[in-house]
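This report goes through one protein model, from a strand and its partners to the nonpolar cores, a helix and the charged pairs. Please keep the sequence and the structure in view while reading.

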Amino acid sequence: MKKFSFLLFALAACACTQQEGNITGNVASQLWAPVSSAEVSVQGTNVKTKTNVAGDFTINAKVGDTLVVSLAGYTTAKVAVGEAPLSVTLNYTLKTVVVNDDKTITFSYSAPDAKSVQVCGNFFELENGTFGEGVAQMKKNSEGIWTYTTVPTKSELYRYEFIIDGNYTVDAASPYTIRDGEVLRNVFVVPGEVGDLTMVQDVPHGTVSKVWYPTSLGYERRMSVYTPYGYEKNSTKKYPVLYLLHGGGGDENEWLNLGRAAEIMDNLIASGKTVPMIVVMPNGHPNMTAAPGENSLGYAEAKNSRRYNTLSANTYEATFGDVINFVDQTYRTMPDRAHRAIAGLSMGGGHTCVISANYPDKFGYVGLFSAAVGNYANGTSEMTKDFDAKLAKLFSYNPMYWIAIGDEDFLYQANKSFREKLDAAGYKYQYTESDCGHVWKNWRHYLTDYSQLLFK
């Protein structure tokens, strides 16, 4: 009864207010969010007001008047005044990211009341001429639109975020987001050969499956598996396999999301540059059954999904046979070292180094992408014990051993020391040094280059 009485009181108060000439209402966007600082005016008069932070307004008008609601970056709306409080929707039309013909990028953001708006991402030209991380202050015009235009960029998949008065936010008007570890980031593409390779093109497409498999740890874990176009149509054809491992902040989705592995493989296979192959992307955290929010922990803090349990060092490498055995038993593979490759980035590169040395007869191709490698002189587990002897055994099989790293990568010196070890032993390997640091731009390029060398 108290709630009902309060409602009657509120309606009566509202009706009374309207009779006095004050009209109330609320303005929201198609994003289901309040629109603040929108101008509300009575058509044909000088009467106007603005919405508050909750999108609410009060204006001196009467039933039958027409209100005009406008804000830069949104469509203008007109609404007739009736007896009830008004509810107005403004559609957001501002394009927050525009790639211009000269490959400059213009960012725009509507925030009339903000004191500072910054855009950050990995599209800034650095002093050495490469493109990488940076932050830029945007400028506000008289309508409250903040803008910033870059210098001409290179074709690539880039990410961006906005910082509003010191608070990080994604672009809610753009659906093109990627989860990077525990955070969400917006992405866009500057077209061209490199950028186009990461996008879905009009070519035959493979299939991506999320597969649960049994492990010797006593619980099931999940991997992502890419099968090339035609796999389902031919029930007898067998395929080589690439095991593709992620970095420390990732999971079984990372190579698909940030790495764009499925798109890259589709486009390379369609162009004849890469042979059709199965790509297996396991989860590299043995504590973690699957990606955050997609495992039995539900929506627990994302970091907890990989840290809820403690296992001994090199558990992942020691149980990697679970992955190989399941794949060979489940898919039409060519189960020999000549048709089996492994590669990984950062932590996954360290995993690749240790796994390949411990299973020397399993992999004919080994790829280290900005790998977290060590000298393993004093092995702390069975997997790193007598590591030099294990390396000798591996290289006796003459694998195609491929190492790549950026010249600004924080793991550059570790990789240099590892290569010096290989050089001292006389082991043959291929080496690629690129610009930039520990970034996805490099790893997508490495996958592109490495995959074209496999199984030929």
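Strand β23 (residues 365–369) is mostly covered, with five of its five residues buried. Buried here means under 20% relative accessible area, exposed means over 50%, and partly exposed lies in between, using a 1.4 Å probe and protein chains only. Helices (H or I, at least four residues) and strands (E, at least two) are DSSP runs numbered from the N terminus. The model is predicted: local features need pLDDT of at least 70 and side-chain atom pairs count only at pLDDT 80 or more, while totals for chains, interfaces and linings use all residues. Residues are numbered from 1 along each chain as its sequence is written, and side-chain values use heavy atoms, with hydrogens and water left out.

Two strands are taken to pair if DSSP finds at least two bridges between them. Strand β22 (residues 340–345) pairs with β23 in the parallel sense over five bridges; V366 of β23 is the bridge partner of I342. Strand β24 (residues 400–406) also runs parallel to β23, joined to it by five bridges, and M400 of β24 is the bridge partner of Y365.

Helix α7 (residues 347–358) forms a right-handed β-α-β unit with β22 and β23. Right-handed means that, with the strands pointing away from the viewer, the path from the first strand over the helix to the second runs clockwise.

**Nonpolar cores**

A nonpolar core is a set of buried Ala, Val, Leu, Ile, Met, Phe, Trp, Tyr and Cys residues joined through side-chain atoms within 4.5 Å. The largest one has 39 residues, and M223, Y243, F320, F363, L368, Y401 and F418 touch the most other members. Helix α6 (residues 320–330) gives the largest share of this core, five residues. A second, separate core of 35 residues includes L244, L258, A261 and Y450.

Contact means heavy atoms within 4.5 Å. Not counting residues up to four places away in sequence, M223 touches S209, K210, V211, Y213, E252, V280, M281, P282, V323, F326 and V327.

**Helix α4**

What encloses helix α4? Nine of the ten residues of α4 are buried, so the helix is largely enclosed by the rest of the structure. Just after α4, G272 takes a positive phi of about 80°.

E263 is found in α4, which spans residues 261–270. Although buried, E263 has no salt bridge, and the nearest side chain of opposite charge, R260, is 4.1 Å away. For charge, Lys and Arg count as positive and Asp and Glu as negative, with His and the chain ends not counted. Leaving aside neighbours within four places in sequence, E263 is in contact with L197, T198, M199, V200 and L256.

**Salt bridges**

Side chains of opposite charge can pair when their charged atoms come close. A salt bridge is a side-chain nitrogen of Lys or Arg within 4 Å of a carboxyl oxygen of Asp or Glu, and by this rule the count comes to 13. The table gives some of them.

| Pair | N to O distance |
|---|---|
| D65 and K62 | 3.3 Å |
| E133 and R159 | 2.5 Å |
| R222 and E294 | 2.4 Å |

D65 is buried, with a relative accessible area of 16%, whereas K62 is exposed at 55%.

E133 in strand β11 (residues 131–137) and R159 in strand β14 (residues 156–164) are 26 residues apart, so this pair links distant parts of the chain. E133 is partly exposed, with a relative accessible area of 46%, and R159 is buried at 13%.

R222 in strand β19 (residues 221–227) and E294 in the loop between β21 (278–282) and α5 (315–318) are 72 residues apart and also link distant parts of the chain. R222 is buried, with a relative accessible area of 7%, while E294 is partly exposed at 34%. Salt bridges that share partners join E133, R159, E161, D180 and R185 into one network.

**A four-stranded sheet**

Four strands form an open sheet in the order β8-β9-β13-β12, with antiparallel pairing. β8 (97–99) and β12 (139–140) stand at the edges with a single partner strand each, so one side of each is left without a neighbour in the sheet. Strand β9 (residues 105–110) and strand β13 (residues 145–149) run antiparallel and are joined by five bridges. T149 of β13 is the bridge partner of T106.
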